[in-house]
Amino acid sequence: MHKAILLSIGTLLAAATAGADERPNFLFAIADDWGWPHASAYGDPVVRTPAFDEIARQGVLFHHAYVSSPSCTPSRNAILTGQWHWRLGSGANLWSDFPARLTTYPELLRGAGYQVGATGKAFGPGRVEPQGREVAGRRYKSFEKFLEQRNADTPFCYWLGSSDPHRPYQAGSGAESGMDLSAIDLPACFPDSTEVRSDVADYYWEVQRFDRLVGAAIAELKERGLWENTVVVMTGDHGMPFPRCKANLYDSGTRVPLAISWPAGGGQAGRESSDFVSLTDLAPTYLALAGVELPEEMTGQSIAPVLLGKTDEDQWRPRPHVLFGKERHTPTQEAPDRGGYPCRAIRTHDYLYIRNFSPDRWPNGTPNYQQAFVPGNWYSDSDNGPTKTYMVEHRGQDATHQRLFELAFAKRPAEELYDLTADPDQLHNVADEPRHADARRRLSNALLAELQATGDPRVGGRGAELEAHPYYGQGPKHPDWRPAPGAASGPK
């Protein structure tokens, strides 16, 4: 398949021998905590994303794109390396080390003659081995500054990162911008209240600010005559920073917006795809389009045939399902347990199956902040904010509030299964229902087989290795917590 793709872009590569290098440029725009379906191209009634919508109109809009892990560092590591995060050692965790043994697609493209740069949030949070290594490219003040300094005869690869829409938010910013709170289509896992609706609107406001950043980059490309031959990718690193979203394996945590345009690629504009895509597929896609040999360790699948409009069976075999999982987001448990909440999942169009490896642990962190491994951490896999506070404080208000609170914060069984035809919001676990027994068994076996085939330490009896790595961060604190005088800044 890889050779077929190289032949498909032979006309582009041939020009390189005649002078200017006509291989495609790559602009990768990634938001921080932006989840599906919060873009106007997907029909969201409130948020407005004209830049994302334009990319979709000019290229392909993907309806089933998923991250490897719903946590910043491992998600970004998986994108950079084109591998499932559980293969990355310490890089499988938040606030960790990026191992020296790993190679990233920007490094490979730089070695193939590309100019490589980055702005905003790229790798991390965490530390890079060796210190000072630029795994996403040399840092620039802005995309505009990069374009001003680039060699016009050389293709480029650029990582355009943002801290939007990561918390904290300016309270009321969404409503003040004119958003109609009553029109917000709330996720089914949230209680309906003014506080929650306003919080979601504030998140939308930052999504729109990210979209404006990408819109400015698109304008730069067009002004300089680079738009046609630039592969523009726009997505997020995982779901929104709300309870039962970020750091969870439901669609609200793992499913992300994805649109890709490349006018010179020859594919028909305005296409939509419901095939499963993992963001681990982006690295092998870039390399294939650049004519660079794919490293054997990459587990992602090039989606270049989709961009080229060559989706016949000889060149494109859609994934029958997609995988994702989580190791340590934060050390969420009570001392001396430094672990997170390890889990893996397999998602088809009909079912979501989740395997929780430590169901005795708190899935989103202990409520007992006085006993937390990281002092003061409180439900620490869920970012603090008005929605989290509302759900905790109003959990006893009625049966609905109690159930939604428990879905977000209470302990979970070892196996979860969701029938997506009957329950697209993934709120009703049917793992113990006899009529779904065959599906549960089939998906459990399929997940185990793929995890074993890709060397997941968690199913190889070496899960403790993934939890032994240092953690350099902190975490969301209980409002009443105060650090002890002279206390250490954090765990290692």
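Leaving aside its neighbours within four places in sequence, with which residues is arginine 458 in contact? In this predicted model, the contacts are Glu327, Pro342, Arg344, Phe357, Gly463 and Glu467. Arginine 458 itself sits in the loop that links helix 14 (437-453) to helix 15 (463-467). Its relative accessibility is 14%, and because buried means under 20%, arginine 458 is classed as buried.

Two of these contacts can be described at the level of polar atoms. The side chain of arginine 458 forms a polar contact with the side chain of glutamate 327, at 2.6 Å. The arginine 458 side chain also reaches a backbone atom, the oxygen of glycine 463, at 3.4 Å.

The description now turns to the sheet. Strands of a sheet pair through backbone hydrogen bonds, in either a parallel or an antiparallel manner. Here, four strands form an open sheet in the order 12-13-14-15, and their pairing is antiparallel. Strand 12 (322-326) and strand 15 (415-419) are the edge strands, each pairing on one side only. From one strand to the next, the twist averages 15°.

Within this sheet, strand 13 (residues 343-347) and strand 14 (residues 351-356) run antiparallel and are joined by five bridges. As one point of reference along this pair, isoleucine 346 stands opposite tyrosine 353 of strand 14. Helix 14 lies across strand 12, strand 13, strand 14 and strand 15, and runs at about 60° to strand 14. The loop that holds arginine 458 lies between this helix 14 and helix 15.

Another part of the chain carries a record annotation. An unreviewed UniProt entry gives "domain: Sulfatase N-terminal" for residues 24-122 and 141-292. In the model, residues 24-122 are 26% helix and 22% strand, with the end C-alpha atoms 21 Å apart. Residues 141-292 are 36% helix and 16% strand, and there the end C-alpha atoms lie 28 Å apart.

For helix 3 (residues 50-58) and helix 8 (residues 194-223), the axes come within 7 Å and cross at roughly 50°. Helix 3 is therefore oblique to helix 8. On helix 3, the contact is made by Pro50, Ala51, Phe52, Glu54 and Ile55. On helix 8, the contact involves Asp211, Val214, Gly215, Ile218 and Lys222.

Key: Residues numbered from 1 in each chain as written. Predicted model: local features only at pLDDT ≥ 70, side-chain atom pairs only at ≥ 80, totals over all residues. Heavy atoms only, no water. Helix = DSSP H or I, 4+ residues; strand = E, 2+ residues; numbered from the N terminus. Buried < 20%, exposed > 50% of the residue type's maximum accessible area, 1.4 Å probe, protein only. Polar contact = N/O pair within 3.5 Å; in protein donor to acceptor, adjacent residues only side chain to side chain. Contact = heavy atoms within 4.5 Å. Pairing = 2+ DSSP bridges. Axes fitted to C-alpha atoms, helices over the stretch in contact; angles between N-to-C directions. UniProt positions renumbered as here; feature names shortened; annotations may be inferred. Parallel < 35°, antiparallel > 145°, perpendicular 65-115°, else oblique.
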